[in-house]
Amino acid sequence: MTIKQQLYLQCVEYCNNRLKVIKNTIVEIQESLTSETKSSAGDKHETGRAMLQLEREKAGNQMAETEKLQELLSKIDVTKTSKTVCLGSLVFTTQANYFIAISAGELVIESKKYYAISPNTPIGKMLIGKQVGDLVSFRDQEFKVVSVW
């Protein structure tokens, strides 16, 4: 399995784990909503329910965002290579190594660090369209694109 395939699978796992946590949160909120009984202090009860409804809405938004990340991942063909940095590229620079996919943070493969970043992040926007040998200036640092897979 190539490094790119391993990074891709780690990104998929990141999304799946995130989705699992969100779904568990929604279930817990749902259980709290159904188990909350009307107390003698009606206003307190309504406030509690409203807070739970807001939490459920927030979890629903997080779920939608995670599903968008999964959709973005599904568009990546890890077997494809390009001379220009694009979605799905593995980019080696003099500063760090980047996998252009989703913002999943630092991933480690064979004790080497890679950063899974979205093309919409500031560094992602700087890298998109670059080729081997191009210089990138980011946060008062300059680094060079060494290779693109």
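Which residue forms a salt bridge with Lys68, and how far apart are the closest N and O atoms? The partner is Glu65, and the closest N and O atoms of the two residues are 3.5 Å apart.

## Ground rules

This is a predicted model, in which local features need pLDDT of at least 70 and side-chain atom pairs count only at pLDDT 80 or more, while totals for chains, interfaces and linings use all residues. Residues are numbered from 1 along each chain as its sequence is written, and side-chain values use heavy atoms, with hydrogens and water left out.

## The salt bridge

Let's stay with that opening pair for a moment. Side chains of opposite charge can pair when their charged atoms come close. A salt bridge here is a side-chain nitrogen of Lys or Arg within 4 Å of a carboxyl oxygen of Asp or Glu, and the structure holds one.

Both Lys68 and Glu65 lie in helix 2, three residues apart, which is about one turn of the helix. Helices (H or I, at least four residues) and strands (E, at least two) are DSSP runs, numbered from the N terminus. Lys68 counts as exposed because its relative accessibility is 51%, and Glu65 is partly exposed, with a relative accessible area of 42%. For these labels, buried means under 20% relative accessible area, exposed over 50%, and partly exposed in between (1.4 Å probe, protein chains only).

## Strands 1 and 2 and their partners

Now to the strands, where two strands pair if DSSP finds at least two bridges between them. Strand 1 covers residues 90-93; Leu90 and Phe92 point one way from it, Val91 and Thr93 the other way, and all are buried. A hairpin of three residues joins strand 1 to strand 2. The two run antiparallel and are joined by three bridges, with strand 2 spanning residues 97-100. Val91 has Tyr98 as its bridge partner in strand 2. Strand 1 also pairs with strand 6 (residues 141-148), again in the antiparallel sense and over three bridges; there, Thr93 has Val145 as its bridge partner.

Strand 2 pairs with strand 4 in the parallel sense over three bridges, and Ile100 stands opposite Ile117 in strand 4.

## Two nonpolar cores

A nonpolar core is a set of buried Ala, Val, Leu, Ile, Met, Phe, Trp, Tyr and Cys residues joined through side-chain atoms within 4.5 Å. The largest one has 19 residues, and those with the most contacts inside it are Leu7, Cys11, Leu73, Leu90, Phe99, Ile102 and Tyr114. Two or more residues come from each of helix 1 (3-35), helix 2 (42-74), strand 1, strand 3 (105-109) and strand 4 (112-117). Helix 1 gives the most, with five residues. Apart from this core lies another, of 13 residues, among them Ala96, Leu127, Val136 and Val145.

Not counting residues up to four places away in sequence, Phe99 touches Lys4, Leu7, Tyr8, Cys11, Gly88, Ser89, Leu90, Tyr115, Ala116 and Ile117, where contact means heavy atoms within 4.5 Å.

## Aromatic pairs

Rings of Phe, Tyr and Trp (its six-membered ring) pair if their centres lie within 6.5 Å; planes under 30 degrees apart count as stacked, over 60 as edge-to-face and the rest as tilted. A search of the whole structure finds three such pairs. The rings of Phe92 and Trp149 are tilted, because their planes meet at 55°, with centres 5.0 Å apart. This pair links distant parts of the chain, 57 residues apart: Phe92 is in strand 1 and Trp149 in the segment after strand 6. Phe92 counts as buried at 11% relative accessibility, whereas Trp149 counts as partly exposed at 38%.

The rings of Tyr98 and Tyr115 have centres 6.2 Å apart and planes at 40°, so this pair is tilted. Tyr98 lies in strand 2 and Tyr115 in strand 4, so the pair ties together parts that are 17 residues apart in sequence. Tyr98 counts as buried at 7% relative accessibility, and Tyr115 as partly exposed at 29%. Ring pairs also link Phe92, Tyr114 and Trp149 into a cluster.
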